[in-house]
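Here's a quick briefing to read with the model open in your viewer.

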Amino acid sequence: MRSLGRGLVLLGLAVPLLAILMQLSETISLGQMIAMAVAGACLFWIGRIVEGYAR
């Protein structure tokens with residue numbers, strides 16, 4: 001359970017960076033980048049909760 005939470009945290013950190021890079025290369029629009037950033041923040045938050053419950 002703890003490793004699942006850690007994985008979600010890392011994925012939540014990687015998604016916004018990927019969204020920024022994709023928007024800079026004009027692969028996605030600004031709205032899609034914001035949606036990906038929000039999704040990444042949610043993944044990070046859920047991962048922290050799961051990681052906390054695993055203790």
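Which residue forms a salt bridge with Arg6? That would be Glu51, and the closest N and O atoms of the pair are 2.7 Å apart. Keep in mind that this is a predicted model. The chain has 2 helices and 0 strands, and the Glu51–Arg6 pair ties together parts that are 45 residues apart in sequence, since Glu51 lies in helix H2 and Arg6 in helix H1.

**Overall layout**

- With a radius of gyration of 13 Å, well over the 10 Å that the globule rule gives for 55 residues, the chain is more spread out than a compact globule.
- The C-alpha trace spans about 40 × 15 × 10 Å along its principal axes.
- Among the 55 residues of the chain, 22% count as buried.
- If you look at contacts with a separation of 6 or more, 67% of them come from residues 24 or more positions apart.

**Helix H1 and what it packs on**

- H1 covers residues 2–24; that makes 23 residues, reaching 34 Å from the first C-alpha to the last, close to the 33 Å expected at 1.5 Å a residue.
- Which residues of H1 are buried? They are Gly5, Leu8, Val9, Gly12, Val15 and Ala19.
- Those buried residues pack against helix H2, which runs over 30–53.
- Just after H1 comes Glu26, with a positive phi of about 60°.

**The salt-bridge network**

- The count for the model is 2 salt bridges, and Arg6, Arg48 and Glu51 are linked by them in a network.
- Glu51 and Arg48 both sit in helix H2, 3 residues apart, or about one turn of the helix.
- Is Glu51 buried or exposed? Glu51 counts as buried, because its relative accessibility is 2% and the cut-off for buried is under 20%.
- Arg6 is partly exposed, with a relative accessible area of 42%.
- Arg48 is also partly exposed, and its relative accessible area is 44%.

- Leu17, Ile20, Leu21 and Leu24 make a nonpolar surface patch of about 430 Å².
- One of these, Ile20, lies in helix H1.
- Ile20 counts as partly exposed because its relative accessibility is 42%, which falls between the under 20% for buried and the over 50% for exposed.

- Ala35 has its place in helix H2.
- Ala35 is partly exposed, with a relative accessible area of 46%.
- Pick the C-alpha atoms of Ala35 and Arg2 and you'll find them separated by 27 Å, for residues 33 apart along the chain.

Definitions and conventions
Residues are numbered from 1 along each chain as its sequence is written. This is a predicted model: local features need pLDDT of at least 70, side-chain atom pairs count only at pLDDT 80 or more; totals for chains, interfaces and linings use all residues. Side-chain values use heavy atoms; hydrogens and water are left out. Patches are made of residues with over 30% relative accessible area and no salt bridge: like charges are joined within 9 Å, nonpolar side chains (Val, Leu, Ile, Met, Phe, Trp, Tyr) within 5 Å. Accessible areas come from the Shrake-Rupley method with a 1.4 Å probe; for residues, only the protein chains shown count as cover. A salt bridge is a side-chain nitrogen of Lys or Arg within 4 Å of a carboxyl oxygen of Asp or Glu. Helices (H or I, at least four residues) and strands (E, at least two) are DSSP runs, numbered from the N terminus. Buried means under 20% relative accessible area, exposed over 50%, partly exposed in between (1.4 Å probe, protein chains only). The expected span of a helix is 1.5 Å times one less than its number of residues. Contact means heavy atoms within 4.5 Å. The radius of gyration is taken over C-alpha atoms; the globule rule is 2.2 Å times the number of residues to the power 0.38.
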